[in-house]
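Hi everyone, thanks for coming along. Have a look at it first.

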Amino acid sequence: MILRATLEPVELPVPEPGPGEVLVRVHAAGVNFFEVLMRADRYAVTPDLPMFPGVEVAGTIERAGTGADPSLFGRRVGVPLFAIGRGSGGYAEFVAVDGGAVVLLPDALCFAAAAALMVQGLSALHLLRRSPAKNKNVLVSAAAGGVGSLLVQLARRDGAKMVIAAASSDEKRGLALSLGTDHAVDYTAPGWQEDVKRLTGGLGADIIHETVGGAFSKAALDALAPCGELVLAAMGRFGLGAADVEDMLDDNQSIKGFSLLPLLTSQGVREDLAELFELAAAGALTVIDGGRFPLHQAAEAHRAIEGRRAVGKVVLVP
């Protein structure tokens, strides 16, 4: 796939694994919202063209290069390309990567679920590590999305006093409730913040995980408790002004930024993904299938995400 104004399929030779590398046949490639923004030149980083999107894949190892572990041949693996300095290349039938970068998949975990647990799963995990949910009232925006649907479940496991899902449709709110949230509110409805305050005894949420951006950032402040924490994970798209920050300081509230990549280490990624994979394989963490598209329909997958038609994780299936 080449990134221009649109995504176009192209034919290229199968990559040859170099020393220490393995060749992975891709069975699922994750599609992320930041890739949609990047394609439309609305992201913080504008890549040189042409480029091949995709930062997370799952598949089977077809061949091992010189010096790679031969026992990896045929194994089912996840490959977090973003965590090894590869910001592209996943929308493909094959990828060649360092053999030490792959993470083995449990037999009970499908490839699509594995792809969903990389960017989104690690984001949800690290959001909670940065802002522990134990004994807190937690509000999760976009709660039916890839990150949100995992975050509400992990917050519950982390001992949150109350988990409130914010989502834009009955279907999405119903999905969030099915995942174990205590309550769901429509953040597109006027006065939704009062619903949050009512549910929390008039106080508001102790922690708000803000992944929507824009006007929602400012609106969320009315649902934040005194001494509460607004966690901004919308990649610079928040809509707060100086006056909003001053009001937060008056209420002893805080803003916490979130960026995944600086939090990752090679060993930590492997351990965290192994934990997430095992939770999902055991049924302790539900991964929502947001739709599967053939590789040549990558543009349609982007449109589904951009149009907010998708819930959970969208993947490409070569």
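Let me start with residue classes: Ala, Val, Leu, Ile, Met, Phe, Trp, Tyr, Cys and Pro count as nonpolar, Asp, Glu, Lys and Arg as charged, and the others, Gly among them, as polar. This is a predicted model, where local features need pLDDT of at least 70, side-chain atom pairs count only at pLDDT 80 or more, and totals for chains, interfaces and linings use all residues. Residues are numbered from 1 along each chain as its sequence is written, and side-chain values use heavy atoms, with hydrogens and water left out.

How confident is the predictor? On pLDDT, its confidence in each residue from 0 to 100, the chain averages 92, and 97% of the residues score at least 70. Residues 1-5 fall below 50.

Now the spaces. We work on a 1 Å grid over the protein atoms alone: a cavity is a set of points where a 1.4 Å probe fits but cannot get out, while a pocket is an open set with protein on both sides within 12 Å along at least five of seven lines. Lining residues have an atom within 4 Å of a point. Points are joined across faces, edges and corners, and a volume is the space filled by probe spheres set on them.

The largest pocket has a volume of about 1200 Å³. Its lining counts 49 residues, and Asn32, Phe33, Phe34, Val119 and Gln120 lie nearest the centre. By class, that lining has 31 nonpolar, 13 polar and five charged residues.

The second largest pocket comes to about 470 Å³. Of its 18 lining residues, Val10, Leu12, Tyr91, Ala92 and Glu93 lie nearest the centre. Here we have 13 nonpolar, two polar and three charged residues.

And how many cavities of 30 Å³ or more does a search of the whole structure find? Two. The largest cavity holds about 50 Å³ of space, and of its ten lining residues, Glu35, Met38, Met51, Pro53 and Gly54 are the closest to the centre. The second largest cavity has a volume of about 30 Å³, with Gln120 and Lys313 among the residues lining it.

Leucine 260 touches Phe82, Val119, Leu122, Ser123 and His126, leaving out residues up to four places away in sequence; touching here means heavy atoms within 4.5 Å.

Key:
pLDDT is the predictor's confidence in each residue, from 0 to 100.
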